[in-house]
Amino acid sequence: MDNTTININRTEFLGQTKESIQACIDGDRYSQSKLYEQFAPKMFAVCMRYSKSREEAEDILQDGFVQVFKSLHTFRFAGSFEGWIRRIMVFVAIANYRTKPKMHAVVNNVENFSGLEVIDNTNEDVISMLGKKELLNIVQALPPTYRMVFNLYVFEGLKHREIAKELGITEGTSKSNFFDAKVILRKAIINSMKIAKQSSSNG
Amino acid sequence: MDKNVHDIEDLFRKTLEQNEENPPQRAWDRIEKKLDKDKVVSIKKKYDSLKKVALLLLFLLAGLSIYVWKSQNRNTAKPDKDISEINKDVKLKNERLKEESETTTLQKSIDSLAINKTSNPGQIAKESHRINDRTTFKNENARQTKPVNSLILKRLPNTSINQNKLEVKKTVESDLSEVSKFSSQKKDELIKRKSNEIVETTIPNRIESRHPAFISPGGIQNVYSLPAIATSNLKDVREVKSNTGDLLATKETFHNIASGKIDPLIQIEKTKVRKPSVKSTKQPHFAITGFYSPDIAFYHFEDNDPGNSNNTNFENSETESYSSTLGALVDYTISNHWGLQSGITLATSNFNLESETLYAQQDNLGGIKYKLSTPLGDAYVLPSFSSNPSIGDSIFSKSPTHTLQYLGIPLAVRYNFNQGKFSLNALGGITANFLTRGRISTELKSGADNEIETTDKIHGLKTFYLSGLAGVGLDYNIYKKFSLTFSPTFRFALNSINNDGSVLSYPNSFGFAFGIKMKL
C-alpha cells in the first residue's frame with residue numbers, strides 16, 4: 001500500500017463526515033437513508049455477483065445494511081468506510097451461502113479445457129460485445145461454490161487457504177473450484193460472443 | 001492458454017469491480033422495517049446492561065447498609081457499661097434500704113413486744129425467736145436474689161404474700177411443735193388452710209383488678225403461680241431500667257413501684273422492651289491471608305466486527321496453557337458473620353493459539369509487518385530473515401501463545417458461618433485489574449529459516465478492566481491465630497480487556513485458592 005492509497009482513503013473517510021455517521025449510530029433515519037443512497041448502488045452490484053438472482057441479491061443487501069447500521073459504532077475511522085461496508089456485504093453473502101444446503105456442482109465438459117477455442121478478442125472487445133450485464137449473468141450462472149470461490153479470489157483478493165476457511169472446504173477444493181469456474185466462464189463467454197456475432201450479422 | 005486464463009480474471013475484475021446497480025425501492029423499505037424491529041431489541045439490550053449495573057450497586061449498597069447497621073449497634077451497646085455501674089449503685093442503695101427496713105421491722109417488733117412484755121413473757125420469747133428466724137431467712141434470701149429483685153420483692157404488695165406465707169408456716173410450725181400429738185398429714189392440712197386464709201386477705205385489690213390472670217377461677221389467688229410470675233417479670237423490670245436509663249434507676253422509682261403507683265408489669269408492656277444486644281466480646285480485627293490459586297481460565301468473546309467471520313474461530317482455536325493467581329488478602333471482621341476483604345492479587349494466564357500463516361500488512365505506524373490476529377488484539381511481528389516484506393507476503397506462525405498478567409485489587413463482602421474449628425464463608429465483590437504484562441510469542445518459519453518472535457505491543461489491549469468475583473471458602477483453624485483456607489472462586493470480566501480488534505474478549509476463570517490465614 002503506497003502513500004497515495006493511504007491519502008485517498010483518508011480523504012474518502014473525511015468526506016464521509018463523522019457527524020453523519022454519528023447521526024446514523026444515533027438512529028437518525030434520514031441520515032441512514034442518505035448513507036444507504038450513497039452506497040447502495042455499489043453494494044448492490046457486489047451482492048449481485050455473489051448471488052444467482054436479483055431477489056437473492058436484495059436479501060443480501062438488506063441484511064448487509066441492517067448489519068452496517070447495527071455495527072456502525074464499531075467503525076474506528078481508521079480506514080476506508082466503503083471498504084468496511086463492502087466487507088460486511090461480502091461476509092453476509094458468505095453467511096447466506098453457508099445457510100443453504102450444499103450441493104455438488106455437476107458441470108459437463110469442465111475437464112475438457114484444452115478443447116476450448118482460443119479467444120482472440122481483447123478484453124475490451126468482449127466488454128463492448130457482451131456488456132457488463134451479460135458478464136454479470138455469466139458469473140451468476142456459476143454453481144454456488146464456484147461463484148463464491150471465484151468472487152473471493154478475484155474481487156476480494158483472498159488466498160485459497162482463507163477461502164477454504166471461510167467456505168468450510170479444503171484448500172485443494174478451493175483451487176480446483178476456481179480452475180473449474182474459469183473454464184465455465186470462458187466457455188460461457190465464447191458461447192455468448194458467438195450468439196452476439198450471429199445476432200449482429202443477422203441484424 | 002495461461003494468457004487467456006489470466007485475461008478472464010482481469011476481464012471480470014475490470015468489468016464488474018466498479019460496477020453499480022440501483023436496487024429497487026422496496027429494499028430500503030424492508031431495511032427500515034428491520035431497523036425498527038431491531039431498535040426495540042437494542043433498547044432491551046441496553047437495559048440489560050443497566051440491570052447488571054443496578055445489581056452491582058444493590059450489592060454494594062446492601063454491604064454498606066449492613067456495615068452501617070452494625071456500626072450503629074456497636075455504638076448503642078456502649079451504655080452497657082453505664083448500666084452495670086448503675087446496677088452497682090442500685091445494689092448499694094438496695095443494701096442500705098434493706099438494712100434500714102430490717103432495722104425498722106425489728107424495732108417495731110421489739111416495741112410491740114415491749115408493750116406486752118409484762119402480760120405474756122412466753123410469747124415474747126417465741127416472737128423473738130420467730131423474728132430472728134425470719135431475719136435470717138430474709139438475709140439468706142437477699143443474698144440469693146439480685147439486688148433490684150430483692151428490693152421489689154420486698155416492696156411489692158403481692159410479694160408480701162410470700163413473706164406472709166412463710167410467716168404463717170413458721171407460726172403454724174411453732175404452734176404445732178407444742179402439739180406433738182398431731183400427725184404430719186394433719187400438720188400439712190393446717191398449714192395449707194392457714195396459708196389460704198391469709199393469702200385471701202392480703203391480695204391487693206389494685207393488682208387483682210389489673211391482672212385478672214392472677215385470680216384463679218374460684219376467685220382465690222393461686223399462691224403457687226405467684227412466685228413464677230413475680231420472678232419472671234422481675235427480671236424484666238431490670239430490663240426496663242436498662243432501656244429507660246436513669247428513670248428507674250432512681251430511688252423514687254423503686255418507691256413508686258413498691259407503693260403500687262407504678263406497676264412494673266404494665267410498665268414493661270408499655271415500653272417495648274428490647275433486650276440489650278449481647279455483644280460479642282470479640283472486637284473487630286484484621287486477618288491476612290496469603291494464597292495461591294491454580295485457575296481454569298477461559299474467554300467469552302463478543303463480536304466487534306460483524307463483517308469478519310473469523311471471530312468465532314478464536315473460541316475453537318484458543319486453548320489454555322496454564323493460569324494462576326497468587327496474592328495477599330486482608331480481612332476486616334465487622335461482626336461475627338460479616339466482613340470485608342481486600343488486598344492485592346497477581347493473576348497470570350497463558351493461552352496457546354493455532355498455528356497459521358501470517359500475511360504482511362501495514363501496521364499503525366506505516367511499516368510493513370506480519371500481522372498476527374489474536375483475541376486480545378492484533379500484533380505485528382517482523383523476523384530478521386524477512387525484515388522487508390511486501391504487502392501480501394506470507395510467513396508461517398507456529399504455535400503462537402499469549403500471556404497476560406494483571407495486578408488486581410479486590411473488594412469483597414464476606415459472610416461467615418463458624419462451626420468449631422471450621423469456618424465456612426461466602427463472598428462476592430469486584431476487582432480492579434491493572435495490566436502489568438501482555439505478551440505474544442510465536443515461532444516464525446519460512447523455508448529453512450525460523451525465529452522466535454516476542455512482542456509486548458498488542459493493539460487495542462486495555463490497561464484496566466473490572467471483574468466480578470463470587471465464591472465460597474472453608475477455613476480450618478490449626479492454631480490460635482492461624483488457619484488453613486480453601487476457597488473456590490469464580491471471576492468474571494465486567495468489561496472487555498480490549499477495545500479494538502475483531503472480537504471483544506472477556507476473561508473468566510475458576511480458581512481453587514488455598515493458603516494460610518493469620519489473625520492480627
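A residue is counted as buried here if 20 or more other C-beta atoms lie within 10 Å of its own. By this criterion, in the predicted model described below, 26% of the 520 residues of chain B are buried. The chain comprises twelve helices and twelve strands. Among its contacts between residues at least 6 apart in sequence, 71% link residues that are at least 24 apart.

Several strands of chain B are joined around strand 8, which spans residues 422-446. Its pairing with strand 7 (residues 394-419) of chain B is antiparallel and extends over 22 bridges. Within this pairing, N416(B) has N425(B) of strand 8 as its bridge partner. Strands 7 and 8 of chain B form a hairpin in which two residues separate the strands. In the turn of this hairpin, G420(B) has a positive phi of about 60°.

Strand 8 of chain B also pairs in the antiparallel sense with strand 9 (residues 449-455) of chain B, through seven bridges. Here T454(B), in strand 9, is the bridge partner of S441(B). These two strands likewise form a hairpin with two residues between them, and G447(B) adopts a positive phi near 65°. A further antiparallel pairing connects strand 8 of chain B to strand 10 (residues 464-477) of chain B by 13 bridges. In this case G428(B) is located opposite A470(B) of strand 10. In general, the side chains of a regular strand alternate between the two faces of the sheet.

In total, 37 residues of chain B are in contact with 43 residues of chain A. On the chain B side, the elements that contribute two or more residues are helix 1 (2-16), helix 2 (25-76) and strand 4 (356-362). Helix 1 of chain B supplies the largest share, with twelve residues. Classified by residue type, the side of chain B that touches chain A contains 14 charged, 13 nonpolar and ten polar residues.

The buried residues of helix 7 of chain A are T145(A), Y146(A), R147(A), M148(A), V149(A), F150(A), N151(A), L152(A), Y153(A) and V154(A).

Methods. Residues numbered from 1 in each chain as written. Chains lettered and ligands numbered in written order. Predicted model: local features only at pLDDT ≥ 70, side-chain atom pairs only at ≥ 80, totals over all residues. Contact = placed C-beta atoms within 7 Å. Helix = DSSP H or I, 4+ residues; strand = E, 2+ residues; numbered from the N terminus. Nonpolar A, V, L, I, M, F, W, Y, C, P; charged D, E, K, R; others polar. Buried ≥ 20, exposed ≤ 12 C-beta atoms within 10 Å, placed from the backbone. Pairing = 2+ DSSP bridges.
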